[in-house]
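Hello,

Here is the structure we talked about. Please open it and read the notes below alongside it.

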Amino acid sequence: MGFLMLKKNKRFWQRVALQSHYDAVIIGGGLHGLATAYFLARQHGMTNVAVVEKEYIGFGGAGRNTAIVRANQRTPENIPLYREALELWPVLTEELDFNLMFNNCGNLNLMHSEAAMNAARMNVATAQFHGVESHLIDARQCKELVPALNISEDITFPIIGAMYHPPGGILRHDAVVWGLAKSASRLGVHIHQHTETTSIGVENHKIVSVDTNRGKIYTPRVLLAAGGYSAAISYAMLGIKLPISVLTIQAMVTQPLKPILDHVVSSGAYHAYANQTLKGEIATGAHMDPWPNYTTHTTAYYIKHQAEALAELLPCLRGVKFMRHWAGLADMTPDMAPILDGNDLIEGYYMDCGWGYFGFKSCAATGKYMAQFMASGQCSDILKPFALRRFAQHRLMGETAALVNYSPDN
Amino acid sequence: MNRLEKLPTLRINPAHPISFTYKNKTCQGVSGDTIATALYANGIRIFSRSLKYHRPRGLYSLDGESCNTFMEVDRIPNVCAETTRLRDGMTVNAQNVKGTPEFDLLGFLDKLDWAMPAGFYYRSLHKPAWIWPIALKQVRKAAGLGKIAPDFHIPGKYDEIYPQTDVCVIGGGAAGMSAALAAARQGLRVILLESRPWLGGFFDYRTVEYAGGVPLYRRARDLVQQLEQTPNVRIFTHTAMIGAYHHNLITAFQKGTETDHFDERYIEIQAQSIIVATGCIERPLLFENNERPGVIQIGCAHRLAYSFGVLPGKRAVFSVGHDLGIEAAIDLFDLGLEIPCLADIREDGQDAYLVARLAERNIPLLRGWIAVQAHGKTVKKATLSPIDGSQQRDIECDLLVASAGMTPVTAPLSLLQATLSFDDHTGFFLPIKLPPQVHAAGRLLGLTNSLSIEASGRLAGISAAADCGRQDVSKLNEAREELSRLPGPQRGSKLVTAPLKGRKTFICFDEDTTVKNIRQAIQMGFDEPELVKRFTAAGTGPGQGGIPGHNLPLFIAQTNSDGDVKTKATTVRAPLVPAFIATYAASKHDMCKRTPVHDMQEKAGGMMRRIGVWQRARYFSQDLSCREEIENVRNNVGMLDASTLGKFRIWGPDALKALQRMYVSDISRVCEGKIKYSAMCNEDGCIIDDGVIVKRAENDYYFTTSTGRAGSTVEWFRYHTRYDGWNFYMVNLTDVFGVINLAGPNALRVLEKVADTYLSNEALA
């Protein structure tokens with residue numbers, strides 16, 4: 001029973017007074033902020049770091065996503081980052097000494113037409129080229145993997161096949177937040193919850209300070225990792241416009257069930273995905289609301305749409321009840337790839353935002369490289385394609401085709 | 001039949017038996033029973049086993065606040081037995097048990113709680129790394145409640161309606177009914193939603209006097225009668241409100257009865273004004289083993305007897321925190337329940353009349369006392385103690401009626417974006433700011449006096465009428481004055497936990513979260529109620545926070561040593577009552593276009609498929625290979641319905657210029673009466689569309705696009721010529737014409753027959 005023995009209920013993170021000086025201030029106590037703080041402290045010895053969070057850690061997208069991870073993106077620039085992120089989960093579980101509950105059950109991306117299968121063929125080829133396991137399967141093989149799936153011809157969008165990506169899966173998203181916060185805090189990082197950034201001080205094109213509702217902090221480095229609120233902060237406090245639209249994205253869970261769904265299933269045509277959490281709930285969601293807004297309100301239309309889609313895709317779920325429906329914000333860029341940048345417009349100003357609904361999958365790897373960037377001032381090659389200037393230079397990344405039928409408009 | 005048959009408040013018909021199967025045995029219930037009341041009447045006390053510890057769980061409340069009575073009914077998992085009406089021939093089974101609910105092989109897990117502190121899963125099972133994949137399988141198996149088969153098909157009919165109304169009243173108790181009547185009397189259309197199968201709320205089962213010698217239940221029935229005689233009120237009973245959205249959109253679902261044409265029905269109501277009169281549920285009393293079968297809430301005991309005719313036990317100890325508990329004790333004593341004593345958390349403040357009636361019956365009232373522990377697998381004994389914990393007394397009993405106080409059902413207000421704040425006097429989260437066109441009334445405001453409750457309902461009804469343009473200032477003032485003359489909100493009990501530090505005091509039943517778990521979470525730094533909730537899972541179960549919703553924030557505020565912590569409620573999410581995906585999906589919606597030859601193709605055996613906004617025949621063969629069909633086109637002739645393609649006419653002086661800009665080919669080379677195939681590109685040079693262009697006359701063209709782009713082509717042309725000031729007209733003819741495409745070596749011969757003229761390849765060139 002050794003593995004069951006737990007140490008005393010030690011505090012995971014300390015409540016500390018706000019210092020007047022930090023080597024780096026990270027705005028946003030979400031996944032990307034905490035991951036960067038953790039890697040700064042662990043790999044670069046930079047421990048005099050503050051994470052300032054307006055609400056509580058994991059309040060935003062970090063606690064609202066459905067925790068799906070995969071590395072079968074579309075473009076050669078994106079895949080390596082997601083691949084590394086995927087490989088990091090077991091490593092992090094050990095490093096953080098926190099069970100992130102990684103369930104690499106594999107993802108099935110359903111295709112409903114020959115055209116979609118052809119598009120998927122290209123995705124699969126790109127993934128395989130980058131050493132990511134991904135292949136096409138037909139409807140019968142889909143049914144073998146997911147017996148609850150409706151592969152009959154008698155539905156709105158019959159299933160032709162799927163792109164199957166075995167190394168993907170799901171984690172417990174809260175565990176990632178808490179594990180990173182715990183380890184960062186034990187390495188000396190200060191996590192300040194309920195601390196709102198009110199302005200960012202710049203002198204001679206250099207970051208000098210961050211003002212918060214709890215006091216002023218002098219610092220030479222700031223990382224903007226505020227998820228859906230990043231673009232607003234960047235513009236209001238530094239006058240830097242980011243090409244980001246913020247859209248509400250909704251998700252929901254059913255009542256808990258015994259195991260019924262062993263893989264993540266998603267469908268572009270139905271605008272729906274479903275996976276079963278460790279607690280047994282079927283977590284499901286899909287497209288964003290079709291207009292930009294900053295509310296996290298849900299809509300009646302959405303949950304009904306989701307029910308209609310699931311009723312066709314996984315008809316046994318008609319006998320299951322929806323239990324909880326929530327919403328979060330997705331910060332969408334025109335090419336659906338993030339903005340990872342630093343030291344460009346203002347020295348000491350770093351950005352890690354514009355993730356849309358891909359922020360969870362990528363947080364570990366991005367945190368690692370952003371930390372390296374902030375500690376050394378040198379941007380590693382893997383992050384270079386994501387610079388803000390790509391929009392000015394018309395070097396957009398074409399990740400919009402990552403999922404058939406997906407675009408910022410739907 | 002062991003039912004009380006003479007009570008005037010009964011909601012069952014003892015003369016009409018219903019048989020059902022439980023554990024492969026036939027049992028009898030009666031018409032009006034829920035599954036749970038029927039099982040209880042058959043002597044069943046243990047309904048299920050809990051999620052984590054597999055502790056026995058029984059009937060605790062009657063409104064689905066926990067998953068204690070979740071069962072598998074007719075193969076459907078997670079059916080809430082306490083809110084589901086019994087039907088003839090139902091097959092009921094326990095779920096999440098290995099064995100029977102009484103003897104569960106996994107019951108030993110209850111002894112392992114020391115190994116499963118708060119956040120146990122986060123902190124263990126990952127070292128060494130090879131353990132996790134094995135543990136993962138076991139965790140998945142242990143988690144979840146009900147089981148569903150991959151090929152399961154839920155039977156029944158699921159319907160939906162979208163009514164519009166002036167005023168929507170949520171809650172059919174005395175306040176809700178008064179509100180509905182007041183609004184309807186101003187000439188407005190009113191919808192009244194009630195989750196129970198009947199109206200009446202707290203009045204429905206009580207026999208104490210309302211006014212002028214009329215008992216409460218009689219008053220409730222009078223109000224119902226008045227409502228039923230008001231034609232502009234539409235009453236939906238057995239209808240749970242589940243969501244509230246922007247612009248006063250309310251969603252609910254209704255359970256059908258034998259006479260309805262549906263099993264469940266999704267209801268989406270657009271209202272101008274909303275009145276929330278959802279009343280209260282009980283706040284669970286926190287003590288050791290507070291969720292043992294045999295521990296039940298006051299309302300549950302009271303209603304079991306007075307609505308369902310089941311005396312809930314033989315000998316009951318009461319531990320209560322408000323006057324409804326004393327009233328229930330008196331009523332149940334009069335039906336033959338033995339009551340050794342009644343412990344009241346309050347030192348004083350009890351209703352004098354009730355105290356006198358208690359004394360008449362020689363039931364000792366222990367002021368400032370509380371139950372600290374229940375004993376037995378089902379309750380055999382209760383330990384009572386004064387609040388200071390100075391002494392203890394054990395009393396034998398088979399029932400422990402326990403309740404700390406009342407909890408307002410504010411969830412609908414939260415969904416409607418009202419601001420709630422903790423109120424020290426009532427101990428309630430009360431609305432301090434309501435959005436426009438939203439009103440609150442009744443017991444959820446802390447009112448306990450029957451006349452006050454009704455008056456607040458009337459005031460809300462008249463205020464809602466004003467929202468809808470029926471301003472009546474004198475009536476409004478009258479209603480305000482009336483309410484201000486009547487007794488206001490009553491002081492609520494302050495106590496949070498019993499004075500005994502045990503390991504099994506449950507704050508959340510669904511997730512097996514104990515008070516100790518919450519303390520551990522706070523120790524570990526989770527001092528935010530929302531974080532405690534996520535870390536311990538308290539309130540995230542199917543009961544939707546009905547059990548921990550109020551106690552959790554109170555307990556966190558009390559336990560958090562850091563002083564200045566405000567008592568903060570945790571977030572509420574729709575659906576407030578879990579609802580079937582079948583109900584949400586209801587009838588299948590597929591709003592699509594059909595081509596002119598749709599019916600003909602369907603008759604010919606066409607497999608119709610959704611293509612964009614259209615339904616189109618995909619193939620006519622038995623299987624997807626379509627060999628015969630393909631060969632026939634190759635060797636003979638085939639016909640394709642191409643009506644879904646985009647069809648446009650463009651004409652005017654600059655029509656050609658516009659076409660030249662949009663197409664990759666030189667359209668000026670197309671001669672009158674001739675046709676050309678070409679493609680359109682986007683700004684990056686990618687082909688986005690293709691089709692043919694026909695020149696009808698000078699600067700008058702007809703062209704086609706793909707099905708997918710038919711909707712955006714006119715805008716595309718306009719967009720790309722927006723700075724040119726060109727003069728041309730465009731019209732989308734996609735829905736105007738049908739198109740048939742002929743292909744194959746014999747296509748020409750078919751065309752000849754149709755055209756009734758000689759056609760040669762040369763002539764068409």
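Two strands count as paired if DSSP finds at least two bridges between them. Strands (E, at least two residues) and helices (H or I, at least four) are DSSP runs, numbered from the N terminus.

First, the ground rules. This is a predicted model, so local features need pLDDT of at least 70 and side-chain atom pairs count only at pLDDT 80 or more, while totals for chains, interfaces and linings use all residues. Residues are numbered from 1 along each chain as its sequence is written, chains are lettered from A and ligands numbered from 1 in the order in which they are written, and side-chain values use heavy atoms, with hydrogens and water left out.

**Strand β15 of chain A**

Gln276(A) stands opposite Ile282(A) in β16(A). Strand β15(A) (272-276) and strand β16(A) (282-292) pair antiparallel over four bridges. Five residues lie between these strands in the hairpin, where Gly280(A) has a positive phi near 100°.

β15(A) also has strand β14(A) (264-267) as an antiparallel partner, with three bridges. Here Ser266(A) faces Tyr273(A). This hairpin has four residues between its strands, and His271(A) takes a positive phi near 55°.

Is β15(A) mostly covered or mostly open? Mostly covered: five of its five residues are buried. Buried means under 20% relative accessible area, exposed over 50%, and partly exposed in between (1.4 Å probe, protein chains only). In a regular strand the side chains alternate between the two faces of the sheet. Ala272(A), Ala274(A) and Gln276(A) are on one side, Tyr273(A) and Asn275(A) on the other, and all are buried.

**A sheet in chain B**

Five strands form an open, parallel sheet in chain B, in the order β18-β25-β19-β20-β21. Its edge strands are β18(B) (295-296) and β21(B) (365-367), each pairing on one side only. Helix α7(B) (323-334) packs on the sheet and touches β19(B) and β20(B) (342-344). Touching is contact, meaning heavy atoms within 4.5 Å. Four bridges join β19(B) (316-320) to β25(B) (399-402), and the two run parallel. Phe318(B) has Val401(B) as its bridge partner in β25(B).

**Chain B as a whole**

Chain B has 21 helices and 42 strands. Its C-alpha trace spans about 115 × 75 × 60 Å along its principal axes. Of its 765 residues, 58% count as buried. Met639(B) is found in strand β36(B) (638-641). Met639(B) is exposed, with a relative accessible area of 55%.

Best wishes

Note on methods
Axes are lines fitted to C-alpha atoms, for helices over the stretch in contact, and angles run from 0 to 180 degrees between N-to-C directions.
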